[in-house]
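Welcome, and please load the model in your viewer with the sequence panel open. We will go from one selection to the next and look at what is there.

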Amino acid sequence: MGKEKLIVKEVHHSHSPKTSLWWFFLVSTCIKVLLFPSYHSTDFEVHRNWLALTHSLPLSQWYFDETSPWTLDYPPFFAYFERFLSIFAHLIDPQTVHLQEGLNYSSNKVVYFQRVTVVLSDLSLLYGVYRLTRNLDSRKQKLIWSLVIWSPMLFIVDHVHFQYNGFLIGILLMSLSYLEEGRDLLGGFLFAVLLCFKHLFAVAAPVYFVYLLRHYCWGGVVRGFSRLLIMGGAVVAVFASAFGPFFHLGQIQQVIQRLFPFGRGLCHAYWAPNFWVFYIMSDKGLAFIFRKLGFNIQTPTASFTSGLVGDSSPFSVLPQITPFVTFIMVLLALSPCLLKAWKNPQPQMISRWVAYAYTCGFLYGWHVHEKASLHFVIPLAIVAAQTLEDARHYFLLSIVSCYSIFPLLFEAQEYPIKVLLLLLHSILMWSGFSAQFYDGTETTEAPTTNSKKKSYQFGSEGDSGTTMKKGFVIGWIERIYLIGLVVVEIWGQIFHPLLLGDKFAFAPLMLISIYCAFGIMYSWIWQLVYIVKSI
């Protein structure tokens, strides 16, 4: 009888993490449903048009259609995904998938349908985070689930602004989970699938290539060559299934042109908080100084402050930046990580390396959208529970990244929503990290790494032992920086309109980009130092 009770308890315990995870997902789903009537961006019409063109046109015309300005510019797997969704869209409201009559169609039926598809596709994220955390203790699991499943950035970008980032990041997390388990073939296969859904994830491809070559393929001529063929065959099969039909139709060049429209310019109309913000401001500062000194500095035809992008150079003094320059800069920033991955390909480091790669792409890439910070913020949530310094770093990074996308929701009725989401997220993070690190049990997880990190931690207070007796705290520099975010927001919302009115309308957005860029740059430096100093 006693053994039977023990077995029942063990079975119940084994199911409880999954049950808890579903509760997390249910709570997030309730919030998403409440957000259904809120504002949606032009991305909503983008995806509605993709439903229409994939449903109404033969495959041979998908990447040529220009009925709408929002032409198809995602890889074929995402186009196939839209084609699948269009079957149900047609059943619910045929006008949704009508190529002409559906233009700018936004009835409640189509809005709710498209929002439901985003919610359901988030099951990919749910499974991805489950796989990455299933072997962790319960406290760490719940902390990571709250950071990922309840991410305010995903709520804002996917479920208000409208996109499918949760679905795609879920595939990335699945890939990382297989790599961490040593199942490299499946991990590489899923990453190839992800690239055929959204090519912008390719920033991490060098990390995957070096890691898989060294960890999976290396080790003897016969073994290495056979594994290289297996991995190469799997990747080729994925890309063939995605791009094969268009290759057969002779349309690969057209597809590539749609996927990589380099003519859009270095920066998005709203500057992402990255390195190029400092480059732009340096150029403007130098131009101002040189004009004061009497030099004839021409005003560029393309102006960043008016939100225009294009092929002409927007710089007055500094050299023009081309896509090739940004490519080289991303590779240079990635090189220390690639060297580490080659020298010592550790499965437990792969999530950090991939997150670092996306940070490099965000900081130095071409025409980066502010939403792309999700690509590194979510993977870093997986490692945030490992050490106190990881938690401190993530606390600052997630707040800064979330605040940097506030301008996406510019209507007054959504203002309380984004503020409330960020405040709740900050409280949850603080509570979760305090519970995780209060008793000091986490200090022994990685003693070598922690001891090295003391020399470069940002704004720390005393040693780790003293801090952990107090619970989770952040340094005074971090506190001042976060207070600065509040100051920036108060200026943009209250004092700028009050004092300047409609003058310099772009200034509040510019200030957000510049200030948040300092936080993102700090995160990049922190990750770089961690990777370089790790064993």
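Let us start inside. By class, the lining of the second largest cavity has four nonpolar, two polar and three charged residues; here Ala, Val, Leu, Ile, Met, Phe, Trp, Tyr, Cys and Pro count as nonpolar, Asp, Glu, Lys and Arg as charged, and the others, Gly among them, as polar. To see this lining, select K32, D122, L125, I149, L154, F155, D158, H159 and G166. The space they line comes to about 50 Å³.

A word on what you have open: this is a predicted model, in which local features need pLDDT of at least 70 and side-chain atom pairs count only at pLDDT 80 or more, while totals for chains, interfaces and linings use all residues. Residues are numbered from 1 along each chain as its sequence is written, and side-chain values use heavy atoms, with hydrogens and water left out.

Cavities come from a 1 Å grid over the protein atoms alone: a cavity is a set of points where a 1.4 Å probe fits but cannot get out, and lining residues have an atom within 4 Å of a point. Grid points are joined across faces, edges and corners, and a volume is the space filled by probe spheres set on the points.

Next, color helix α7, residues 152-162, which gives the most to the lining of the second largest cavity, with four residues. Helices (H or I, at least four residues) and strands (E, at least two) are DSSP runs, numbered from the N terminus. Zoom out for a moment: the chain has 22 helices and zero strands.

Show side chains for M153, L154 and V157 in α7, which meet L374, V377 and I378 in α16. Contact means heavy atoms within 4.5 Å. The residues of this contact divide into six nonpolar, no polar and no charged.

Still in α7, pick F162. Is F162 buried or exposed? F162 counts as buried, because its relative accessibility is 0% (buried means under 20% relative accessible area, exposed over 50%, partly exposed in between, with a 1.4 Å probe and protein chains only). Its phi is near 95 degrees, a positive value in a residue other than glycine.

For another positive phi, go to N104, at about 60 degrees and also not a glycine. N104 sits in the loop between α3 (76-92) and α4 (108-121), and is exposed, with a relative accessible area of 62%.

Now select the lining of the largest cavity: R352, L380, V383, A384, D390, H393, Y394, W526, Q527, Y530 and I531. The elements that give two or more residues to this lining are α16 (374-383), α17 (388-404) and α22 (507-533). Which element gives the most? That is α22, with four residues. The largest cavity holds about 80 Å³ of space, and its lining divides into seven nonpolar, two polar and two charged residues.

Our last stop is T326 in helix α14, residues 323-343. T326 is buried, with a relative accessible area of 3%. Leaving aside residues up to four places away in sequence, T326 touches L266, W276, I321, Y364, G365 and W366.

How values were computed:
1 Å grid on protein atoms, 1.4 Å probe; cavity = no way out; pocket = protein on both sides within 12 Å on 5 of 7 lines; lining within 4 Å.
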